[in-house]
Structures are given as structure tokens and as C-alpha cells.
Amino acid sequence: MSALYVHVPFCVRKCEYCDFYSEAAGERDIERYLDALEREFRLRHESLSPRTLFIGGGTPTRLSAAQLTRLGQTLRRHVDFARLSEFTVEINPGTLDERKAASLADMGVTRASFGVQSFDAGFLKQLGRVYEVGKAESAVGLARGAGIARISMDLMFALPGQTLEQLREDLRRALVLGSEHLSLYALTYEDDTPLTLALQRGEIEPCPEELEREMFSLAGQTCAASGLQRYEVSNFARPGAECVHNLAYWRQDNWRGYGAGAHGMVEGEISENAADHAAYARCLLEENRLPIVRRERLSPAQRAETLLLMGLRLSEGVELAKFERLSGSPFSAVCVESSRALARRGLLELGETHVRCTDEGLLVLDRVILELASELGAGVAR
């Protein structure tokens, strides 16, 4: 197993754009959830010796310092830390204090991933994160002061009304804080989120497509000038500071997921837990059974499509040997016409060991994957 993911689904409040499983909850709910998480580790009887550990959410730092310590104790009881090279926790800046930072460091956290999204008070309010205005700088200082070695930040762009200069300022402020890693995501309007409903009511206007492309280019240029290279379509890092955990997803290595709403994939079998903390806790604590609501074994064609979908996001691209191992067929035999056509248009590069998108291809990544998948479907067993 390459990676272990643990989901903490609690937030101070739900963000306007978010469709991940998360919700506000009281202290009793959180304590019961931690009881249930301990039970899940015991019931699954799995030998866990991951290279990376990632606690995400939600907002893991919605937990108190004592609750974070309790979570760390659960992990130590059930996870062998001997091979662990990276331990990440997601943090919303407005929820971190000195005691929580110390608890994270005591847990063994080596990488703090801050969901900053923007340094602009107006955009934070628009995104439903007004409680974090002015908190990013102090939160980063707390993490560094506690001894957490690596700092990563998430920023969003293509926000309604955002200009190139406003994005440039967000990038400047993140880089001034010494971030070794930046994730920059274009805003997407997910179904039934408050921001999407506001768009449908005509209260906000989406970012023009050409401006979004300019912002994408600006992010790459600004990060490169500061020594952070793009290694995935939305992620930039100093050499050696890439998120190893997320590389496991993009390369389609094995990972396991614990907690409400968590997913795992081991040798092509996907598992999914109930995305409801009350149902999750009830299954484990009252019914003494695992809260798995879906198991599915992917076919060779599905594994190949997923590898292309995830792997072509990477600057390194997709390893051809892995593609053949998962699909049962060489890439050159099942994506012949589409890959050649994409290469002629300057969107794809075909190497001896990898196939990768060019910089232009990354701008139209969905289109590249769709063209490859349409030919792939006819050539790989389902």
C-alpha cells in the first residue's frame, strides 16, 4: 500500500463552492466520530504500513487540540509509521491555534496543507470563508513554530470578478510566506452548491474563458520564477517538495481510505464508506459492522481510462509500462489514431517510456482525455 487517507468531515461552516462531504457538528458528534474511527481500524484488521498519510476533510483542525491528540493516538495504535515519509494534515487558517499546532507536531505531521484560497477579504467572503480574513500569515507562523517542516497552500482563481492583478497579488503573498508547494485550482461550479445557485440566479458572472487561460499561464510563470515547477496541472513545488501522497492517486498506486465518505483503491478494487457521519458511527458502534456502501472491481478498460484521466494531469505523464500492465494492451496498440492526431496538433508527446500532455495540451486536458478514451474503449476489454 502506498498511501493512507483519513477523512475528518467536520467544518466550522460549509463553503459556498464545496461539494466534498463535510458538515458542521457539535462536540458530542465529534467524540462519537472518533470512537467510530477507532472501531473501523479495529474491524478492518488491515496491516497498514503506508509511505504517506493524509488527514483531510472537511477541516481536521476543527477538532480541538485534545481531539487531535486522540486521533494521533488512534493512528499510532493501528498504523506502522516505520516507512512513513510524509504525513500531511489539511488546515483552514482560521481554525489553527498554538495548542493545535503543537498537537499536530506531536502526532508526527511533517506537512501542513493550508486551504487559503485567497488573501482578499472580498473573495473570502464570496467563498464563505470570511472568518479566515487575515489569518493565513499567523497560521503559517504557528505551524513553522511548532516544527512542521513543509508548508503547502491552496489558492483558487477564475473567481467571479477576479482580475489578473488580484491573482498576482495572491500568488505574491503566498510565495512571500515561503510556501514550498502551491495548489492553484480554477473555481468550478458544482451542482447544488450556493455559489452555483447564485450563478443560476444571475447574481454573479463566471470568469471569461480567455481570462481563465491567462490566469493559468500567469500561475505557471509566477511559480517558475520563484523556483516552484509545475509537476501536475494544478500543482507547483520546489524540487523534492511534491505531494507524494497525491502522486499515489495520479499514478494509480494503491491507497486505503478510512472515515465517513472515504474512498480506497487496492489492485483495481474501489471501496467507499458511507458519506454521513451519523450513519458511519451507527454502523460501527451500534451494529458492529463496516460502513462500506460500495465495492467495485474496475475492468481493464476502466483502469486504463482512470490512469489516463489522472496520469495525464502530471508533467511526467503516464508510464507506458503501467498502462500495459493495467489494461493488458500496449498504449500504442489501443490509442493509435487518437494519440497520433493529438501529437500532430501539438497537444501530446509520445516518448519511449511515457506519454504526456504538452503545455498546450494541459489547457485542453479534458478534450485530450476524451479523444484518447473514445478509441481506448474499442480496444480494451471491459
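**Entry 1: conventions**

I count two strands as paired if DSSP finds at least two bridges between them. The model is predicted, so I took local features at pLDDT of at least 70 and side-chain atom pairs at pLDDT 80 or more, with totals for chains, interfaces and linings using all residues. Residues are numbered from 1 along each chain as its sequence is written, and side-chain values use heavy atoms, without hydrogens and water.

**Entry 2: the E13-E15-E14 sheet**

I looked up an open sheet of three strands, with order E13-E15-E14 and antiparallel pairing. Strand E13 (318-319) and E14 are its edge strands, each pairing on one side only. Helices (H or I, at least four residues) and strands (E, at least two) are DSSP runs numbered from the N terminus. I found three bridges between E14 and strand E15 (residues 354-357), in the antiparallel sense. Which residue of E15 is the bridge partner of Leu348? I read it as Cys357.

**Entry 3: strand E4**

Is strand E4 buried or exposed? I find seven of the seven residues of E4 (residues 111-117) buried (under 20% relative accessible area; exposed is over 50%, partly exposed in between; 1.4 Å probe, protein chains only). The strand is therefore largely enclosed by the rest of the structure. I checked both faces of E4: Arg111, Ser113, Gly115 and Gln117 are buried on one side, and Ala112, Phe114 and Val116 are buried on the other. E4 pairs with strand E3 (residues 86-91) in the parallel sense, over four bridges. Glu90 stands opposite Ser113 of E4.

**Entry 4: salt bridges**

How many salt bridges does the structure hold? I get 24, each a side-chain nitrogen of Lys or Arg within 4 Å of a carboxyl oxygen of Asp or Glu. I looked at three of these pairs in turn.

One is Glu38 with Arg77, at 2.9 Å from N to O. Glu38 sits in helix H1 (residues 27-44) and Arg77 in helix H2 (residues 65-78), so the pair links distant parts of the chain, 39 residues apart. I note Glu38 as buried because its relative accessibility is 14%, and Arg77 as exposed because its relative accessibility is 52%.

Another is Arg44 with Glu46, whose closest N and O atoms are 3.2 Å apart. Arg44 is buried at 13% relative accessible area, whereas Glu46 is partly exposed at 22%.

I also looked up Arg345 with Glu371, whose closest N and O atoms are 2.8 Å apart. Arg345 lies in the loop between helix H14 (336-344) and strand E14 (348-350), and Glu371 in helix H16 (residues 365-379), so the bridge ties together parts that are 26 residues apart in sequence. Both residues come out as partly exposed, Arg345 at 44% and Glu371 at 24%.

I then noted one network, in which salt bridges with shared partners join Glu40, Arg44, Glu46 and Arg256.

Glu210 belongs to helix H8 (residues 209-225). Glu210 is partly exposed, with a relative accessible area of 48%.

**Entry 5: Pro330**

Where is Pro330 found? I place Pro330 in the loop between helix H12 (320-327) and helix H13 (331-334). From Pro330 to Ile369 I have 39 residues in sequence and 17 Å in space, C-alpha to C-alpha.
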